[in-house]
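User: I am new to reading protein models and would like to go through one slowly. Could we take it in questions and answers?

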Amino acid sequence: MKTHGSAIWSGGIKDGKGAISTRSGALQEYPYGFASRFEGKPGTNPEELIGAAHAGCFTMALSLILGEAGLTAEKMETTAEVTLDKVDDGFAITAVHLILKAKIPGADQAKFEELTGKAKAGCPVSKLLKANITLDATLLP
């Protein structure tokens, strides 16, 4: 399987403007730029998109792993906090912290921790990132 995303950019780093699109059309020339990336202004940024992709990937991987264990989630909510730090040669994504809240009938805490660990290590986005990936997983009653 192959898919793609694309970006356009005009101008300098601080005064320039860009737009990001996805093949599916979920994002169609959605604005991004220096201000949305570093100053909290409206628009998206690559780290936010990586966070959404990682949260989606991890949650889907966990669904697969749960199914293989004979379990089905009633509900899973995952947030991926992405850290962009200044490093010697510029900037790098140094960490991703996954936060999961899940209701999984029939799962005990030990099995839950085992399966979430497998999903964290095995999801394709986790494999892509060189960052330190951590996980807080809460099994809801």
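User: In what order do the elements of the chain run from the N terminus on?

Analyst: This is a predicted model, in which local features need pLDDT of at least 70 and side-chain atom pairs count only at pLDDT 80 or more, while totals for chains, interfaces and linings use all residues. Residues are numbered from 1 along each chain as its sequence is written, and side-chain values use heavy atoms, with hydrogens and water left out. The secondary structure comes to four helices and six strands, where helices (H or I, at least four residues) and strands (E, at least two) are DSSP runs numbered from the N terminus. From the N terminus on, the elements run β-β-β-α-α-β-β-α-α-β.

User: In which sense do strand 1 and strand 2 pair, and over how many bridges?

Analyst: Two strands pair if DSSP finds at least two bridges between them. Taken as a whole, strand 1 (residues 5-10) and strand 2 (residues 17-22) pair in the antiparallel sense, and the number of bridges is six.

User: How many of the six residues of strand 1 are buried?

Analyst: A residue is buried under 20% relative accessible area, exposed over 50% and partly exposed in between, with a 1.4 Å probe and protein chains only. Across the chain, buried residues make up 33% of the 141 residues. Strand 1, however, is hardly covered, and its count of buried residues is zero.

User: Why does Thr116 count as buried, and what is its relative accessible area?

Analyst: Thr116 lies in helix 3 (residues 109-122). Not counting residues up to four places away in sequence, Thr116 touches Phe58, Leu62, Leu100, Leu135 and Ala137, contact meaning heavy atoms within 4.5 Å. Thr116 counts as buried because its relative accessible area is 3%.

User: Which kind of aromatic pair do Phe38 and Phe91 form?

Analyst: Rings of Phe, Tyr and Trp (its six-membered ring) pair if their centres lie within 6.5 Å, and planes under 30 degrees apart count as stacked, over 60 as edge-to-face and the rest as tilted. A search of the whole structure finds three aromatic pairs. For Phe38 and Phe91, the centres lie 5.5 Å apart with 45° between the planes, so the pair is tilted.

User: How many residues apart are Phe38 and Phe91?

Analyst: Phe38 belongs to helix 1 (residues 34-38), whereas Phe91 belongs to strand 5 (residues 90-103). Their pair therefore links distant parts of the chain, and the separation is 53 residues.
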